Amino acid sequence: MRELREILRNLREDHHLKQKVVANYLGISQQTYSNYENGRREIPTWVVTSLSKYYKVSTDYLLGADTSYLGNTNLRNTYLENITVHDVMYDIQKLNPGKRRDLVKFIRYLKSSRTS
């Protein structure tokens, strides 16, 4: 199970934010926020609840009880290399139904063979 500090770092990076921006939102110094992400300071409950609102995720997600967050859902952001989620969805929509089913089966296969 990932630690809260890792989840916060991943969310910040998914949103292409600097620690200073998140710290300003919270009304704390960048150093204090950095200490949260690096595990040098305990993360207060008020920070967890504030960041759940900021990132629009549940506190359960931040605490590792819910893994349903899919990352940044801005379809125009780069997803992988120079490809956006919009590009991927557009390409999928051009496939016939049989190929889409094959793609879903392949994705499920990849997920099930994951070694994490």
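What share of the contacts in the chain with a separation of 6 or more comes from residues 24 or more positions apart? Such residues account for 46% of those contacts. The model is a predicted one. The chain has 116 residues, of which 26% are buried. Seven helices and two strands are present, and their order along the sequence is α-α-α-α-α-β-β-α-α.

**Packing of α1 against α3**

- Two packed helices are described by the angle between their axes and by the distance between the axes.
- On the α1 side the contact is made by Arg5, Leu8, Arg9 and Arg12, and on the α3 side by Tyr33, Tyr36 and Glu37.
- By type, the residues of this contact are three nonpolar, no polar and four charged.

**Salt bridges**

- The whole structure contains four salt bridges.
- Glu37 is bridged to Arg9, with 3.3 Å between the closest N and O atoms. This pair links distant parts of the chain, since Glu37 is in helix α3 and Arg9 in helix α1, 28 residues apart.
- Glu37 also forms a salt bridge with Arg12, where the closest N and O atoms are 2.7 Å apart. Glu37 belongs to helix α3 and Arg12 to helix α1, so this pair ties together parts that are 25 residues apart in sequence.
- Arg9, at 25%, counts as partly exposed.
- Another salt bridge joins the side chains of Arg5 and Glu3, at 3.1 Å from N to O. Arg5 has a relative accessible area of 25% and is partly exposed; Glu3 is partly exposed too, at 42%.

**Nonpolar core**

- In soluble globular proteins, nonpolar side chains tend to be buried together.
- The largest nonpolar core here has 18 residues, and Tyr33, Leu51 and Leu62 have the most contacts inside it.
- At least two residues of this core come from each of α1, α2 (19-26), α3, α4 and α5 (59-62).
- Tyr33, one of the core residues with the most contacts, is also among the α3 residues that meet α1.
- Which residues does Leu62 contact, leaving aside its neighbours within four places in sequence? The partners are Leu4, Ile7, Leu8, Leu11, Val48, Leu51, Ser52 and Val57.

- Asn35 lies in helix α3 and counts as buried, with 13% relative accessibility.
- Apart from neighbours within four places in sequence, Asn35 is in contact with Arg40 and Arg41.
- Gly39 sits in the loop between α3 and α4, the latter spanning residues 45-55.
- With a relative accessibility of 46%, Gly39 counts as partly exposed, because exposed means over 50%.
- Gly39 and Leu4 are 35 residues apart along the chain, and 9.2 Å separates their C-alpha atoms.

- Most residues other than glycine have a negative phi.
- His16 is not a glycine, yet its phi is positive, at about 55°. His16 is placed in the loop between α1 and α2, and at 60% relative accessibility it counts as exposed.
- Lys56, also not a glycine, has a positive phi of about 60°. Lys56 is in the loop between α4 and α5 and counts as exposed, with 73% relative accessibility.

Key: Residues numbered from 1 in each chain as written. Predicted model: local features only at pLDDT ≥ 70, side-chain atom pairs only at ≥ 80, totals over all residues. Heavy atoms only, no water. Contact = heavy atoms within 4.5 Å. Helix = DSSP H or I, 4+ residues; strand = E, 2+ residues; numbered from the N terminus. Nonpolar A, V, L, I, M, F, W, Y, C, P; charged D, E, K, R; others polar. Buried < 20%, exposed > 50% of the residue type's maximum accessible area, 1.4 Å probe, protein only. Core = buried A, V, L, I, M, F, W, Y, C linked by side-chain atoms within 4.5 Å.
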